[in-house]
Amino acid sequence: MNSWIDLHALWQIVVVGLIAGAGLPALFAVGLRALSLPGGRPGPATEEGQVVGGSIPGMIAAGLCFAVVLAGIGWGIYYIVAGT
């Protein structure tokens, strides 16, 4: 192999890039989808006629997804600020 390329560091960058660049947005999308799971008691209709509300398991799943996304963002900011 070429001595200019550090394959170990390259794999770390690829894995972190896939998790942060694709995994967290996908998890956020799953959380948004979980908010609209059917089965919940419909809430009040808005002025546009949309019914706001969702099922309790969907809201819990969405909360977990959003918490993981926020934790990932916080970890990333901490990692950058700490300079390690």
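1. V14 sits in helix α1, which covers residues 7–35. The model under review is a predicted one.

2. V14 has a relative accessibility of 37% and is therefore classed as partly exposed, since that class lies between the buried limit of under 20% and the exposed limit of over 50%. V14 also contributes to a nonpolar surface patch of about 810 Å², together with W4, I5, L7, L10, W11 and L18.

3. The 29 residues of α1 reach 41 Å from the first C-alpha to the last. That is close to the 42 Å expected at 1.5 Å a residue.

4. Which residues of α1 are buried? They are L24, G31 and A34. The cover over the buried residues of α1 includes α2, residues 56–82.

5. For the chain as a whole, the secondary structure consists of two helices and zero strands. Of the 84 residues in the chain, 11% are buried.

6. The accessible surface of the chain is about 6,700 Å². Carbon and sulfur atoms account for 74% of that surface.

7. Among contacts in the chain with a separation of 6 or more, 47% are between residues 24 or more positions apart.

Technical notes:
Residues numbered from 1 in each chain as written. Predicted model: local features only at pLDDT ≥ 70, side-chain atom pairs only at ≥ 80, totals over all residues. Heavy atoms only, no water. Patch = residues over 30% accessible without salt bridge, like charges linked within 9 Å, V, L, I, M, F, W, Y side chains within 5 Å. Areas by Shrake-Rupley, 256 points an atom, 1.4 Å probe, with all protein chains shown as cover. Salt bridge = Lys/Arg side-chain N within 4 Å of Asp/Glu carboxyl O. Helix = DSSP H or I, 4+ residues; strand = E, 2+ residues; numbered from the N terminus. Buried < 20%, exposed > 50% of the residue type's maximum accessible area, 1.4 Å probe, protein only. Expected span 1.5 Å × (residues − 1). Contact = heavy atoms within 4.5 Å.
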